[in-house]
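User: I am new to this structure and would like to learn how to read its features one by one. Could you give me the general idea each time, and then the case at hand?

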Amino acid sequence: MRLVVVPTDAEALSIEQAGGRAEPLRRFVERLAGGLALRDVWASDLDCRVALAASVAEGRIEGASAPEVGDLHAALGEIRLAPAALAPLVAIARGGRPDRGAKRRGASLFDEPSSLSRRAALLVGALAALDARLERHGLTDPRLVHSRVAAALHEAEPSAVAALVGAAAVEIRGALDLPAAAFAWITSLDAALRAAEPGGGVVVSLPQADAPVDVDREKTPFEIVADRYERGLEDALTFTALAPVLGDGRFAGPLPKAALERVSVVRATDGDREHVAIADAVCDALAAGARPDRVIVAFPAGATELERACVRELVGRGVAVACPDRDLEDAGVVALLRRALGYAFAFDRRGFADVLESSYVSARALTGAEGSDASRAVRALAEAVGARRLPAGGAAEACAAVAARIEGDPAGDAVAARAARRLAAAYADVARATSRRALLSGVARLVATLGLAERAATGGYSFFASDEAPAGVTRAEIDALARDARAWDALVDHVEAYAASSERVGAASEAAAPSEVVAEVFDTLGAIGVRSGARAFAVRTARLRALGAEPTDLLVIAGATDAAFRAAASSLLSEALVSEVATRAREPALAPSSFAAAQRALALLVAATGAERTVFVYSAREDGAVTAPAPVVAWLERSGVAARPARDVEPGAARGDEGAVRARAALEAAREAYFLDPRRRPSGPVGLLAADAAARRVLTDATGGGARPLSVSGLERFATCPFAGFAAEVLRARDEALVGDRVDAREEGTLSHDALRAAFEASRSLLERSPPDEAAVVAAGLAAAEAALGPPTSPVERLEHERILDGVEVHLVLAARDDTWVFSVAERGFGGSDDPWPPIRLQLGDESLALRGRIDRVDVGRVRSAARAVDYKRSRSQATSAFKKIGETVFQVPLYARHAARQIGAKGAEGAYLPTTRRNLQGLPGPTAKSQAAWAELVDAPPGELAPIESRALGLAVAIRDGRLLPEPFDEASCRTCPVSGGCRRPRFTMKPDEEGEGA
């Protein structure tokens, strides 16, 4: 079978799925190099990047500055793939003579006092310094792999080569940017395969489009590339016809019919709206049935900001995006670490306080304390940092000063002071590092001190611990959590790879400025050696030259302006410089400027051929100036493809008034910004309403001050978070119930309550006896409970019924053995129009509060005059937790007990939270003296006066009526499961972690 070698993984996969055999070009060359047992130790891209930086630091590249290292590396990468006209530049760098005039031409080129001369000199110096350092440490630059493979193939036995390749015939298809050095190994491989087997060999297949025969016409991009390939490959070159979606690449002449059917143009009014137009086109295609992993947005070189804006827009609309070059850099945990490290050199007290309060920082790791003590200490430390004048310098000096001040305050938090000392020591290690090895050691200590690894690795994993979708968590939030976890793992791998590269190229112990090394580590994260990888069912971003002819449902060509299409990949290796080198090398026919343009055009033509639909998006203005469309777009518009305004991309959809949209966007931005401001300035958009009579009337009616009583569970929602209570009780926001085969928690609770009610009502007369007949109580109660549940309709439901009945049985046994309390009523409603009991009415001055609800069970005292309200909970932890929060976020049982006592004329009021399952109920501890005293303090009151629990309930309602609806939860860990967190716009990374989740 013939082996087809193609540029991309996606093309190879497509051929494999069709029954062929294929391999990406990069992997094929690596396999040849490994199989030929080359003794070279190849340097990685990261090795080369670190070697360049080290050479700049020691002055080996004359005239270069540290910020230019990235451009130098990008330029050297381009040289590896550059056309034959760059050979003179490479030869000059190695001291050779490409031809008789090379030395003279090189000298004159570099002696010219021009920017071109300086860039050429920097490139030559970089090549020389890189080669020298790699050679000193036994490494070989990977750009030499082609020549080394060619030499090894020339010496190898043909049969061994054929066995290594695994095929007698090889077709290299669609490789538009083969370096000249690759021609040598292709020729050697062709000779070996021909000798090994008749009919064997290598062909290089280039796409070709029909063009009119005219000796005077301009060459097409196909012909320009073919001219270069023919010089190096001769007989091995073949051509395949390309569907003329965009013509022959000259962007002149008549428009092919396919372009009218498969190509469209969208013009944004300005650069600020271009990313919205791109996102509209993508969402349009997805709504029409396009597969997300077959949708690609291609960006021109240097369009980083446009790409970031587009990704943010798509993610905001709930579209998953695989952005290999940016996914890691944009992850919250990576951005926070880079920010935290920056404070080692330039301190900002409010920004540093934000870092300390981030959910990525583990309070336990930072303080060495547990639970609430750790959280309180971190808050105290953040307040101390943000509120005081601190000495000049970095974080080390600031933290030391804060520690001293806290220690000097008799009321200071000793745990916060200890945390400040630990931070000061960690930051000092970073700031005083004199080498890469020492700097990375300091970074590791700071990461451990902040506990970033702990929070990044486990902070969101609870969302993925179950097969069921977590309630209240959007797809975008889950995607962000997953990205954080992936990004942290990748960052750790990258830092380890960076450290290994530093050792390999001898730069680990060399002097290096800490701030420059930090920038170096993060600048290489998304660009060299580390990729987050494409994800299934995710829209992908890419560069045109990296696409090839892979099949796509939609290809969006972003930033399709003339300037963007002509932009160079790096500022050092510009077209002007390459053209200058080509001219002085006396090879005008292969002038790289025309060749680079031909490569870009050909890459576009090939990518459009594989796309079912291609959309060009460009902005008519950029920074107020008119922009020209790319040549292909101008040709399409001249030929009858009308450019649609960005707002018309989505036909038939009502977008609404633009002013209203902008106002809504400003509101959402203000709400999100509130959580990023450590001072938390309340405002109307966030939830602090003005003292408005109409608003107060609405809020009073909704909080039990009007005709309709407020539910006690609604009161608890307000206590948990005023904004969440407002959303549920005033706006009437509700979760959408998920219906499935399995009984969910809500349905299980309803069934348990129904079964318990039937059981206790059926055994009421038996329980009133003294003493009750336990066996008779259980028998009567279980029979009634089973009848209430009804026959199960599935095996799963039968198991649920059996578990519920098991819990009912233990409740009946405990009730029969209880000599203090006896059952009175179950599921007693109050406050509703059909309920037997009236609402709870609380009055203080002009303020009143009416409450409604349903009491799970009411018991009365066997001996003394008292009522007990019982509330059922699903688990033991819920029962014990509820009792601890009475009077803070829990009001039901004490208010129920007081109301039940009034209705039956009892003097005492008590309450209990009881689990519904056997194991949890039997393991529930009894009330302690301390808890009983706390209960009495809240519930007891002289006749005619409000009990403290009732005063708190009324006070809470009055505060809500005053318009304080801020998203200020009593326990910030509750935000992680809040069903209305999308309303207050709180970003997930600002949410405090659950202390129990940290092992407190």
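Analyst: Let us begin with contact, which means heavy atoms within 4.5 Å. This is a predicted model, in which local features need pLDDT of at least 70, side-chain atom pairs count only at pLDDT 80 or more, and totals for chains, interfaces and linings use all residues. Residues are numbered from 1 along each chain as its sequence is written, and side-chain values use heavy atoms, with hydrogens and water left out.

User: Which residues does Asn920 touch, not counting those up to four places away in sequence?

Analyst: Asn920 touches Arg874, Ser875, Arg876 and Pro915. Helices (H or I, at least four residues) and strands (E, at least two) are DSSP runs, numbered from the N terminus, and Asn920 has its place in helix α39, residues 918-922.

User: Is Asn920 buried or exposed, and which side chain does its own side chain join in a polar contact?

Analyst: Buried means under 20% relative accessible area, exposed over 50%, and partly exposed in between, with a 1.4 Å probe and protein chains only; at 11%, Asn920 is buried. A polar contact is a pair of N or O atoms within 3.5 Å, where within protein one must be able to donate a hydrogen and the other to accept it, and residues adjacent in sequence count only if both atoms are side-chain atoms. Such a contact, of 2.9 Å, joins the side chains of Asn920 and Thr917.

User: How should I read Leu710, and where does it lie?

Analyst: Leu710 lies in strand β15, residues 710-711, and counts as buried at 3% relative accessibility. Leu710 and Arg852 are 142 residues apart in sequence, yet their C-alpha atoms are 5.9 Å apart in space. Leaving aside neighbours within four places in sequence, the contacts of Leu710 include Phe718, Glu729 and Arg852.

User: What is the order of the five strands in the open sheet?

Analyst: Strands of a sheet pair through backbone hydrogen bonds, either parallel or antiparallel. Here two strands pair if DSSP finds at least two bridges between them, and the order is β2-β1-β3-β4-β5, with parallel pairing. Strands β2 (21-24) and β5 (237-241) stand at the edges, each with a single partner strand, so one side of each is left without a neighbour in the sheet.

User: How many bridges join β1 to β2?

Analyst: Four bridges join strand β1, residues 3-6, to β2, and the bridge partner of Val5 in β2 is Glu23.
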